[in-house]
Amino acid sequence: MEDESRIVELELRYMQQQELLQELSEVLYTQQREMDLLRAEVEQLKKKLQDEPGLVDARQHEKPPHY
């Protein structure tokens, strides 16, 4: 009887680990999709800045009038 209870316990642990692994896999997939979208957005912004150099406020590089 002891062996049977040990097997049941191992099976329960295995099932819990499988559920946790599935949850972690889903989280990882979601994070990867979000990272891919963010990378694409950064690339679009970099391209936009390269294509339109005047897009960035040129006044940032000017000295204030009191200089």
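Lys46 and Glu43 join their side chains in a salt bridge, 3.4 Å from N to O; the term covers a side-chain nitrogen of Lys or Arg within 4 Å of a carboxyl oxygen of Asp or Glu. Before going on, a word on what you're looking at: it's a predicted model, where local features need pLDDT of at least 70, side-chain atom pairs count only at pLDDT 80 or more, and totals for chains, interfaces and linings use all residues. Residues are numbered from 1 along each chain as its sequence is written, and side-chain values use heavy atoms, with hydrogens and water left out.

Back to that pair. Lys46 and Glu43 sit about one helical turn from each other because they are three residues apart in helix 1. Helices here are DSSP runs (H or I, at least four residues), as are strands (E, at least two), numbered from the N terminus. Lys46 counts as partly exposed at 44% relative accessibility, and Glu43 gets that label at 45%. For the cut-offs, buried is under 20% relative accessible area, exposed is over 50%, and partly exposed is in between (1.4 Å probe, protein chains only).

Now for Arg39 and Asp36, whose side chains meet in a salt bridge at 3.7 Å, N to O. Both are in helix 1, which takes in residues 2-51, and they're three residues apart, or about one turn. Arg39 is partly exposed at 48%, and so is Asp36 at 40%.

Lys47 also has a partner: Asp51, with 2.8 Å between the closest N and O atoms of their salt bridge. Here the spacing along helix 1 is four residues, again about one turn.

What about the whole picture? Searching the entire structure turns up four salt bridges. The protein chain has one helix and zero strands, and 0% of its 67 residues count as buried. It exposes about 7100 Å², with carbon and sulfur atoms supplying 56% of that; the areas come from the Shrake-Rupley method with a 1.4 Å probe, and for residues only the protein chains shown count as cover.
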